[in-house]
Each structure stands twice: as C-alpha cells, then as structure tokens.
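Follow the chain with the structure open beside the text.

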Amino acid sequence: MLKRYLLAPGPTPVPPEVLLAMARPMFHHRAPEFDKVFAEVRDGLKWLFQTKNNVLVLAASGTGGMEGSVSNFLSPGDKALTINGGKFGERWTKLCKTFGAEVTEIKVEWGRAVDPQTVADALKKDPGIKAVYVQASETSTGVAHDVKALAEIVKPYGETILVVDAITALGVFDIKTDEWGIDVVITGSQKALMLPPGLAFVSVSDKAWQLAEKVKNTAFYFNFKKEHENQQKNQTAYTPAVSLIVGLQEVLKMMKAEGLEGVFGRQALLAKAMREGVQGAGLALFPKESPSDALTAISAPEGVDGQAIYKNLRVQYGMTAAGGQDHLKGKIFRVSHMGYMDRFDIIMAVAAIEMVLKGLGHPVKLGSGVAKAQEILMAK
Ligand SMILES: Cc1ncc(COP(=O)(O)O)c(C=O)c1O
C-alpha cells in the first residue's frame, strides 16, 4: 500500500468533517432548506472576504470567476491593464483579448513581484484604462504581488477598477477587500477553502457594479447582475453545486473557530517552516522576492531534473506536489501548504524532498532540512 498525501497547489486536502457534511442526502435548491444554508454561507463569505459587498457564488472552477470578471466589466474595445508575472497573469491577458479588450500588458520576470510604480505610470499615461487585472498570489512562480499598494494606486481613478485573482491567496494571507479598496476579488473552492473543485467566488464593489451597468454584457451563464439579483434573495440563477455549498458551510464554521488571524498566522508559520526547511536541506527558493505563503516554489539543484523530483515524490512516496510550468518545467517544483495543513505536513514534505534528492544522487544530509523546519515550528 502507498498512502497518498496531497500537497499540490489545488486541489488541496478536504477535512473529514467537510467530507461528511457533503455526504448528506441531496435536497432541492428551490426548497427553504437551501435558502437557509445559502444565507449562512453568504454571510460567512463576507466575513472571509472582509467585505460588506455581496460575494457571488458560481458553479465553476476559478477560471469561471476570472472570465466573468472580464466579460461583466469590459465591452469590446475597452482598455485593460494586465499584470503578467506567470501562467495565471498570462491568463488575464488571454481572457481580456478573448472578449475584445484593448490590452496593455505589464510583463514581470517570473519569480519577481510587480513594481507598483509601473502600474502607477501606466495609469497616468492612459487614465482611460477601465480595469487592472492582477494575481495576489501567482501560483506558477510562488510569488505574491502587493495588491494593497496596487489598490492605493487605482483608487483615485474614479472609473477604473482593480480586479484581484486571489485564488491561492484568500484564506491564506490578509486581504482587506473593503479597507484597501479592492473592487473585485476572486477565489475558488479547491485551494485555501479546503473544498473539492467546483465553486468560484467573486466579491464586487459598488464602483465595479457602476462599471458593469455601462457594459454591453454578452455573457449568459456568468452574468453577474443576474446572479447578484438572485443571490441577494438566497437563490442562484441556475442550479447551484448544492453539496459543495453544504461543505462550505462546514468550512466556514471551522475557519471562524480558528479566526482570520489564527488562519493567517498558521499559514504564515507553515510557509516559513517550509521555506527554511528546504533551504536547510541546501535548496534554493525560486522567488527572488515576496514569496507567497500559499506554496513554496523550489529551484531544482544544478544537474537534477525538477520533473524527476516531482515525479519521484509521487511515485516513490505517494506525495503529490507540482512541477514547473512552461519554461520552468524541469527547473522548479512546487509544494503547497495552503488550506487543511498543519505542522507535520511540513515535516513530512521536507523529509520526502530530502529522501527523493538523495535517491537521485544529489548530496543532501538527511534530516538537515527537517531539523530546520522543526526549530521554526517549535518556536511558535
Ligand atoms: C492564481 C490562480 N489563478 C487561477 C487559477 C485557475 O483556477 P481553476 O483551475 O480553478 O480554473 C489557478 C489554479 O491553480 C490559480 O492558482
């Protein structure tokens, strides 16, 4: 038998109490039972997103939330600014182009965070830009962009919104949606929300709704205004993913019991232990700055194939992490610590990485990274 461990940056492990909740017999989404669950969940999402705004719940993967955040706020020919520092930033550019927007793209070297000044300069040069699109945590590189600084830059532009893909950020580190003035925040169920894939969530500010009013929205399924009208009445426009919403009710209970600060503190501690642990084992982090607390992107040592590390973790030790994408394939591997994770998940991951590296003939002192991670985790 090979026991399986899921340390990929989504889907992430689902807690047993959430799995049990989702095993409840099905009930109908137009029955009062659903209204009650959905009302509680909608309230909890406002708490989690730190917003007074409605958080739309969509039956989709995260990309569905991203797509809707383009099609509902931009008409063909509208100007968009996208920040592309990795695979998911690139997706913003592709989506905006798909919907006919005129795109200015700020390219950021993979492994670096965007310099907020470049966004300030772009907006100054073209105040007609309707929306700025960015990731809070760029999962392909393991880097966090400073969305607080970006919100300050965008705020004075009365007709420009900031759209943040927080798919691997929300529920990992602090994102003060209203206080910082982020107009649209998106996440998905299969990351820090500890659920199976299938739900996307989008919070929308008043400023963004005003923009949506002016847009010739051609979307049918991801029609935010239609969902907004329905969801304020604790209903959805179309059949919702009932079981996932029941699971979310349980997730929100767990997160509330820990508290936002507790969740962010735990995630930060695990991230620090993972970073220090792998460095203790002689490895280098891929991000050159601002590492995300959701996952750690690790450079494969000279002469070792990053894909072999990722593959051996899974095949030899049952641990699913992730490889590198595009030009980083073979150069890095990525280990997630977001969501349902605790201290021994980190110890296990660092130990397995050391074992795989040694197995691949790389000189590593077994236990060196584990010891470093243990020190960090004990110092709590
Ligand atoms: C930052 C980020 N954005 C977008 C996505 C796409 O989400 P999905 O695969 O749920 O459509 C992911 C998925 O890994 C992600 O990490």
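In strand E15, phenylalanine 333 is the bridge partner of isoleucine 298. The model is predicted: local features need pLDDT of at least 70, side-chain atom pairs count only at pLDDT 80 or more, and totals for chains, interfaces and linings use all residues. Residues are numbered from 1 along each chain as its sequence is written.

Strand E12 covers residues 295-299 and pairs with E15 in the antiparallel sense over five bridges. Strands here are DSSP runs of E with at least two residues, numbered from the N terminus, and two strands pair if DSSP finds at least two bridges between them. E15 itself spans residues 332-336 and also pairs with E14, again in the antiparallel sense, over two bridges. On that side, arginine 334 of E15 stands opposite alanine 322.

These pairings belong to an open sheet of four strands, in the order E11-E12-E15-E14, with antiparallel pairing. The edges are held by strand E11 (284-285) and strand E14 (322-323); each has a single partner strand, so one side of each is left without a neighbour in the sheet.

How much of E15 is buried? Five of its five residues are buried, where buried means that 20 or more other C-beta atoms, placed from the backbone, lie within 10 Å of the residue's own. In a regular strand the side chains alternate between the two faces of the sheet. In E15, Ile332, Arg334 and Ser336 point one way, while Phe333 and Val335 point the other way.

On a wider scale, the domain assignment, which is automatic or from a database, gives domain 1 (16-257) and domain 2 (259-378). Their C-alpha centres lie 28 Å apart. Contact between them involves 22 residues of domain 1 and 23 residues of domain 2, two residues being in contact if their C-beta atoms, placed from the backbone, lie within 7 Å. The domain 1 side of this contact has 10 nonpolar, eight polar and four charged residues. Ala, Val, Leu, Ile, Met, Phe, Trp, Tyr, Cys and Pro count as nonpolar, Asp, Glu, Lys and Arg as charged, and the others, Gly among them, as polar.

The last stop is the ligand. Residues around the ligand include Gly10, Ser61, Thr63, Phe88, Asp165 and Ile167, the criterion being a C-beta atom, placed from the backbone, within 6 Å. The shell divides into two nonpolar, nine polar and one charged residue.

How values were computed. Buried ≥ 20, exposed ≤ 12 C-beta atoms within 10 Å, placed from the backbone.
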